[in-house]
Structures are given as structure tokens and as C-alpha cells.
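Have the model open and the selection tool ready. The tour goes from one element to the next.

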Amino acid sequence: RRFELLVITHVDGDHIEGVVRLLAGRRRDFLFQDIWFNGWRHLDEARGILGPLQGEFVSTLVARVMRKQGWNGAEPFRGGTIQTGEGALPVSGFEGGMAVTLLSPDGEKLARLREVWKREVEEKGFSPGDLKTALSRLKQERRLAPEGLLGGSFQEKGGRVPLDDSVANGSSIAFLAKCGGKSCLFLGDAHPDVLAASLRKVNGGRKVQVGAVKLSHHGSQGNTTDELLGLFDCKTFLISTNGNQFDHPVEETLDRICAHAGPDVELHFNYRTDKVKAWEARARRSRLLRKEPQYPKKQGEGIILAL
């Protein structure tokens, strides 16, 4: 099987460990025409760096899998850093007419991670960008995403909740994909201020019409703001998490989405947790939600959405 693009958003363990295992497998019956991932070699040039030890692992695997093929190879990046700039948003075109508009990260968010990457990799005894050593370490590690490097952020309940300030999440790749009159926002774990600034550049500042939104940071409270929700019109939201690590999604975030999109909003969860079931019951009693949320037929399976 051939895939035109694989996007590795950032180096938090819940976003990267599966990809590390996929690329490290001995048997691969698939090809990627391009992989988007900001490794040391890209971000060092831009004076902004993404993610610690797992970033080195992914870099060496991407280099091995792609060889001389694409790595951040699509126009307008041409092998450089996947990031937005001061002017118009970067847009990449793909076979079949799909257009991908980059929304995050920006240079400021990437720059915050440079010292984190350098410090954590050097603490492991080698230099950033040393892919040969990284591959050797990867073979030695019992866990592909070592403990203590899983990243992420957690917002306490109660009071005014601050925006997500995780440096890893700030480096997350997020984009708007359009094809054949359909569109979807893939928000990764991106920060809401960067997403809002980018969405204001789409359609000349008018509201963006999208068929679906993959919610940022699994429905955390610090990544989905009223400001962000006010910049697009959408009736379908995807929430991807089992809630084990940070107890996502947050009920206040789901309430906020219903308030903006209306009670006919369609919510798709890949896990029906006790917390989600309790929120659903409350939301339906209060008429905040009219439509029944969608879940996989069996726990642990995926869910397919046709736009």
C-alpha cells in the first residue's frame, strides 16, 4: 500500500510510540511518499527544536524508511521545517486534488523546545542529530517511549483554567485538509492561540466552514477556547482518547462545544468511558445534546466517519 503522506504531529508519547513501533517493524508492506516530522536537522536550521529522546528515535527511523525519498518534502517546505510564517499560510497539494493548509506550529512555539530537546538528549549521553547513536539506543531501550518523556499537560478543574502551556503540544503540527468539496480540521495537540491566529488568515477572516474537527489535545480544557470555536462552523467533532493518563475529555470542553455548535452537534468518540457516559446522560437531560454520540461497535476498535 502506498500513502501520500504520514504526519507525525509531535513527540508526546501518546502521539509517537505507535509510529515508532510501526516504523521499527521488520516487515513493512507499505510505502510513504512523504513524512512530515520536525526533527533536529530541520529545526536546528530554524533555531527552534522539537522534542527530546523520542524525537531522535523517530528521526533515525524516518531517515531509514524514507532513505532518499521525501521527509518534509512537499512544497513549499522542500525538506525544511514544517512551520507557519508571518505571511500567508503554507499550502501543500496532493494527488487527487487534496490541499493541506498548515495551521501550526509557528516559529515561536518551536523555539521554546530547542533547549528542552538538547538538554534531555545530552542527559542520555549523546548529541542531538546523532542518528547512528540514536538507532543503537533505540535497539537497547525496553520501552520505545521511555518513562518521563511522555510529555503532555494537565489542567486542574475549578476556577479560570489557563491555556495549555506544554512546550511539546505547542510544537504540534495541525492543518486544514480540503478535497472534493469536503474539509476537516486535524488539530493534533496544538495551542489555541496559534490555531486562532492561523484560522483568521483563512477565507479573509470569515468563518471557516468545515465538515469535521479532530479536537486538539483529546478534549482538554486548555486547548479548545470560545475564541477558537467562534472562528469556524462545524457540526461534527472527533474526540480521540481513552482518558487513562489525563482523564480527558474534560466535561467543560464538551459543554462548550455543544453551546457553540448547538444541540444537534455530532460527537464521535473512539472510547465510551464511564466519564463520557455520565456526561452524555447529563447533557441529554439538560437538552444540551440531542443527537446520540457515536462510538465503536466494540471497545478498543476504531470508528470511521464519512464526510
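Predicted model: local features only at pLDDT ≥ 70, side-chain atom pairs only at ≥ 80, totals over all residues.

Select Lys275, Val276, Trp279, Glu280 and Ala283: these are the buried residues of helix H11 (residues 274-285). Buried means under 20% relative accessible area, exposed over 50% and partly exposed in between, with a 1.4 Å probe and protein chains only.

Residues are numbered from 1 along each chain as its sequence is written, and side-chain values use heavy atoms, with hydrogens and water left out.

Turn to the face of H11 directed away from its buried side. The exposed residues Asp274 and Arg285 are there. Now show what covers the buried residues: helix H10 (251-261) and strand S13 (266-269) are included. Contact here means heavy atoms within 4.5 Å. Helices (H or I, at least four residues) and strands (E, at least two) are DSSP runs, numbered from the N terminus.

Check the length of H11. Its 12 residues reach 17 Å from first C-alpha to last, close to the 16 Å expected at 1.5 Å a residue. The expected span is 1.5 Å times one less than the number of residues. After H11, stop at arginine 287, where phi is positive, near 65°.

Next, select strand S6 (residues 99-104). Why is S6 largely enclosed by the rest of the structure? Because 5 of its 6 residues are buried. Two strands pair if DSSP finds at least two bridges between them. Serine 92 stands opposite valine 100 in S6. The S5-S6 hairpin has 5 residues between the strands, and glycine 96 takes a positive phi near 85°.

S7 pairs with S6 in the antiparallel sense over 5 bridges. Leucine 102 has phenylalanine 175 of S7 as its bridge partner.

Phe175 leads to the last stop. Among the 23 residues lining the largest pocket, Leu5, Leu6, Val7, Phe175 and Phe186 are the closest to its centre. Select H1 (13-24) as well: strand S2 (6-7), helix H1 and S7 each supply at least two lining residues. H1 gives the most, with 6 residues. On a 1 Å grid over the protein atoms alone, a pocket is an open set of points where a 1.4 Å probe fits, with protein on both sides within 12 Å along at least five of seven lines; lining residues have an atom within 4 Å of a point.
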